[in-house]
Amino acid sequence: MPELPEVEALRVFLDDHLAGKEIDRVLPLNVSVLKTYDPPPAALHGAAVTAVARHGKFLDIAAGQLHLITHLARAGWLRWNDSFPTAPPRPGKGPLALRTVLTGGDGFDLTEAGTTKRLAVYLVHDPAEVPGIARLGPDPLDESFDRDAFAALLAGERRRIKGALRDQSLIAGIGNAYSDEILHAAKMSPYLLTTDLTDDRITRLHTALRTTLHDAVARSSGLAAGKLKAEKKSGMRVHGRTGEPCPVCGDTIREVSFSDSSLQYCPTCQTGGKPLADRRLSRLLK
């Protein structure tokens with residue numbers, strides 16, 4: 001799933017490629033992708049793109065008086081094209097979900113792999129009309145997101161820190177992958193309760209969060225859209241690396257599986273050498 005660093009890199013890429021250009025047509029090609037119907041996509045035809053913004057994991061293309069907003073969800077992606085075939089694509093065939101073509105003939109496709117379709121596109125007058133944006137917490141890349149602001153967000157929370165980091169209404173943009181990376185950098189168990197965060201732990205976690213995200217954004221800076229997935233994977237130290245040695249201590253990276261996701265961690269760095277219980281795996285071994 002694209003998270004804050006990848007979406008920020010896409011924002012920069014699109015701002016460089018779209019700003020000042022005119023939209024020729026927007027073609028929704030999957031019946032489920034467009035979540036709004038008024039105004040229709042045709043309202044963007046002839047509109048000039050003024051800027052591209054990011055709200056958490058949402059991309060926001062401002063054109064004319066409207067905003068074309070995208071959430072790539074778990075398996076969505078953006079693919080830039082310098083030109084398109086003359087014949088329009090057939091709706092409902094393959095991963096193609098939406099095509100946006102500029103008057104110069106270039107533009108981008110939104111695609112989604114798999115059978116579960118969660119990629120979402122909205123056409124609105126104000127980004128706040130999108131429910132997911134309206135309930136977003138603060139952006140962790142914002143200069144105002146300092147240690148005290150982070151501590152204030154966590155005050156009164158009682159849950160595992162992994163879940164708190166992933167909660168978009170608490171902090172915008174962090175998902176499963178970067179929460180694993182942040183907790184590894186902070187040397188904290190994903191099962192640690194927020195109520196057990198001492199002042200020193202809050203400081204350490206805030207530093208790890210900012211450093212991890214800023215480093216990921218820096219690695220992605222200047223990359224073409226097609227290279228961002230590979231860069232994300234190569235930069236991970238624990239996420240997606242079950243069974244590999246930890247790059248810090250050499251212990252074997254372990255995994256805990258859930259019904260629709262999994263987390264990865266290093267026992268030596270994060271849990272005092274003790275493996276976390278994996279109830280799903282335990283049931284399979286019975």
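Mentor: In this predicted model, the side chains of Arg147 and Asp199 meet in a salt bridge, at 3.7 Å from N to O.

Trainee: What makes the contact between Arg147 and Asp199 a salt bridge?

Mentor: The cut-off is 4 Å between a side-chain nitrogen of Lys or Arg and a carboxyl oxygen of Asp or Glu. The N to O value here is 3.7 Å. So the pair qualifies.

Trainee: Why can the pair be said to tie together separate parts of the sequence?

Mentor: Arg147 lies in helix α3 (residues 147-154) and Asp199 in helix α6 (residues 199-220), so the pair ties together parts 52 residues apart in sequence.

Trainee: What joins Glu8, Arg11, Arg54 and Asp139 into one network?

Mentor: Salt bridges that share partners. The search of the whole structure finds 16 salt bridges.

Trainee: What makes Asp109 and Arg79 a salt bridge?

Mentor: Their closest N and O atoms are 3.4 Å apart. That is within 4 Å, so the term applies. Asp109 is in strand β7 (residues 107-112) and Arg79 in strand β5 (residues 76-81), 30 residues apart.

Trainee: Is Asp109 buried or exposed?

Mentor: Buried: the relative accessible area is 1%, and the cut-off is under 20%. Arg79 is partly exposed, at 42%.

Trainee: Which sheet do these strands belong to, and why are β1 and β5 called its edges?

Mentor: The order is β1-β6-β7-β5, in an open sheet with antiparallel pairing. β1 (23-28) and β5 each have a single partner strand, so one side of each is left without a neighbour in the sheet. The twist averages 15° from one strand to the next.

Trainee: How do you know that β6 pairs with β7?

Mentor: Pairing needs at least two bridges. Strand β6 (residues 96-102) has 5 with β7, so the two pair. Among the bridge partners are Leu98 and, in β7, Leu110.

Trainee: What packs on the sheet?

Mentor: Helix α1 (residues 4-18), touching β5, β6 and β7. Its direction makes about 25° with that of β5.

Technical notes. Residues are numbered from 1 along each chain as its sequence is written. This is a predicted model: local features need pLDDT of at least 70, side-chain atom pairs count only at pLDDT 80 or more; totals for chains, interfaces and linings use all residues. Side-chain values use heavy atoms; hydrogens and water are left out. Helices (H or I, at least four residues) and strands (E, at least two) are DSSP runs, numbered from the N terminus. Buried means under 20% relative accessible area, exposed over 50%, partly exposed in between (1.4 Å probe, protein chains only). Axes are lines fitted to C-alpha atoms, for helices over the stretch in contact, and angles run from 0 to 180 degrees between N-to-C directions. Contact means heavy atoms within 4.5 Å.
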